[in-house]
Amino acid sequence: MMDKVKVAVLGSTGMAGQWFASLLENHPYFEVVALGASKRSAGKKYKEVVKWIIPKPFPEKFKDYVVFDASNPDQLTEKVDLIFSALPSEVAADIELKYLKKGIPVVSNASPFRLEPDVPLMNPEVNSEHLELLKYQTRWGAKLVKNPNCTTAVLTLPLKPILDEFGIEEISVVTMQAISGAGFAGLPAYSIVDNIIPYISKEEYKVKVESVKILGKLENGKIKPSKFSIEATTTRVPVLDSHTEVIYIKPKRSVDANLVKDVLVEFRSRPQELSLPTAPPSPIIVREEEDRPQPRLDRYNGNGMSVTVGRIEVMESGRIRMVAVGHNLLRGASGVSLLTAELMLKEGYI
């Protein structure tokens, strides 16, 4: 039995933070020794300050943990080997840097630094080799790793085997994104009930630039972004969890639908080879029914870490059309951060 890595969670009271707490309660590799949140929650017990809303039991193990001020690393009273950050993007950069400068590695959901050339942007089944960037990341006292925007995480998983097998020239995607992606207080009920909001600030840009980085090649210590073009239209719909994405792909060579399905179904990668605890046995699940996938029925496939794909067809134009569903807070946030940390540990980066 190896000694567990001691970790702290920043932003532990939000939805992503709650998923971290749930996933880490009995984790075989990691032991949560501290929970951080805002100054107004600091000094109080976790059970007193968290409004538990995710559909998993409250982690009784942490109920009496006294929450510390996440913005002040000096309040950590326990030795910590790794930080999981679920901080809001608007405050994450400054706070995460404080921990890095104290020599504590950070694996983060937040958007700052995602596009920095020496920062791995990880979707582990897609680009496990990108962790090698950490060998060249020397500007802070410890290593920083990011996971992508939730939409990008769902999108790039089924794109990876298609890119490897057929090549890709162009991608077009339209998303129908869950309201949990905006946070618990992110959208007034009056705005989203009986409605679709056809724009999410900065989301389309993130999908474009993050996808080509994640699907790029590591060469001489740098990421060479993929050259395909990508257009995205992102929308918010009244679904609690899971993003649905309608994807059109122009491959570099002609394909048929059955071959595409086979490539997706057979796809496995480094997390599956290592049997990592959070890795789904089948990262991509293909459904044959004409009315699948659906968020309500497919969001927890692979414990929320699989992307479910259906309606796969090769159009008259030669483009591949598919519909994908993935859990935005698991494959798209806390789950993918945890999987990344598991991979880092097994590959010797922690």
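Q: In which loop is Pro293 found?
A: In this predicted model, Pro293 belongs to the loop between S12 and helix H10 (295-298).

Q: What kind of peptide bond joins Arg292 and Pro293, cis or trans?
A: The bond is cis, with omega at about 10 degrees. Most peptide bonds are trans.

Q: What makes the phi of Ser275 worth a remark?
A: Most residues other than glycine have a negative phi. Ser275 is not a glycine, yet its phi is positive, at about 50 degrees. The residue lies in the loop between helix H9 (270-273) and S12.

Q: Why is Ser275 called exposed?
A: A residue counts as exposed when its relative accessible area is over 50%. Ser275 has 57%, and therefore it is exposed.

Q: How do you know whether Asn303 is buried or exposed?
A: The relative accessibility of Asn303 is 69%. The cut-off for an exposed residue is over 50%, so Asn303 counts as exposed.

Q: Why does Ile284 count as buried?
A: Buried means under 20% relative accessible area. Ile284 has 2% relative accessibility, and therefore it counts as buried. This residue is placed in strand S12.

Q: Which residues are in contact with Ile284, leaving aside its neighbours within four places in sequence?
A: With those neighbours left aside, Ile284 is in contact with Leu157, Pro158, Pro161, Leu264, Val265, Phe267, Val307 and Val309. Ile284 and Val309 are 25 residues apart along the chain, and their C-alpha atoms are separated by 7.1 Å.

Q: What is the strand order of the open sheet that has mixed pairing?
A: This sheet has six strands in the order S10-S7-S11-S14-S13-S12. Its twist averages 20 degrees from one strand to the next.

Q: What makes S10 and S12 edge strands?
A: Strand S10 (229-236) and strand S12 (284-286) each pair on one side only.

Q: How do you know that S7 and S10 pair, and in which sense?
A: Two strands pair if at least two bridges are found between them. Strand S7 (residues 168-177) and S10 have eight bridges, in the parallel sense. Ile171 has Ile230 in S10 as its bridge partner. Helix H7 (residues 203-214) packs on the sheet, where it touches S7 and S10, and its direction makes about 145 degrees with that of S10.

Q: Which strands does helix H8 lie across?
A: Helix H8 (residues 257-266) lies across S12, strand S13 (307-314) and strand S14 (320-326). It runs at about 165 degrees to S13.

Q: What is the order of the open sheet with parallel pairing?
A: The order of its six strands is S3-S2-S1-S4-S5-S6.

Q: Why is one side of S3 and of S6 left without a neighbour in the sheet?
A: Strand S3 (68-69) and strand S6 (144-146) stand at the edges, and each has a single partner strand, so one side of each has no neighbour in the sheet.

Q: Over how many bridges do S1 and S2 pair?
A: They pair over six bridges, in the parallel sense. Opposite Val7 stands Val32 in S2.

Q: Which strands do H1 and H11 lie across?
A: H1 lies across S1, S2 and S4, and runs at about 155 degrees to S1. H11 lies across S1, S2, S4, strand S5 (106-108) and S6, and runs at about 150 degrees to S5.

Q: Which residues have the most contacts inside the largest nonpolar core?
A: Within this core of 40 residues, they are Val7, Leu24, Phe30, Tyr46, Leu82, Phe84 and Val107. Among the elements that each supply at least two of its residues are strand S1 (5-10), helix H1 (15-24) and helix H11 (334-346). Apart from this core lies another, of 34 residues, including Ile214 and Val309.

Q: Why is the aromatic pair of Phe30 and Phe84 called edge-to-face?
A: Ring centres must lie within 6.5 Å for a pair, and planes over 60 degrees apart count as edge-to-face. Phe30 and Phe84 are 5.8 Å apart from centre to centre, with 85 degrees between the planes, and the pair is accordingly edge-to-face. It links Phe30 in strand S2 with Phe84 in strand S4, 54 residues apart. Both Phe30 and Phe84 are buried.

Methods: Residues numbered from 1 in each chain as written. Predicted model: local features only at pLDDT ≥ 70, side-chain atom pairs only at ≥ 80, totals over all residues. Heavy atoms only, no water. Core = buried A, V, L, I, M, F, W, Y, C linked by side-chain atoms within 4.5 Å. Buried < 20%, exposed > 50% of the residue type's maximum accessible area, 1.4 Å probe, protein only. Helix = DSSP H or I, 4+ residues; strand = E, 2+ residues; numbered from the N terminus. Phe/Tyr/Trp six-rings, centres within 6.5 Å; stacked < 30°, edge-to-face > 60°. Contact = heavy atoms within 4.5 Å. Axes fitted to C-alpha atoms, helices over the stretch in contact; angles between N-to-C directions.
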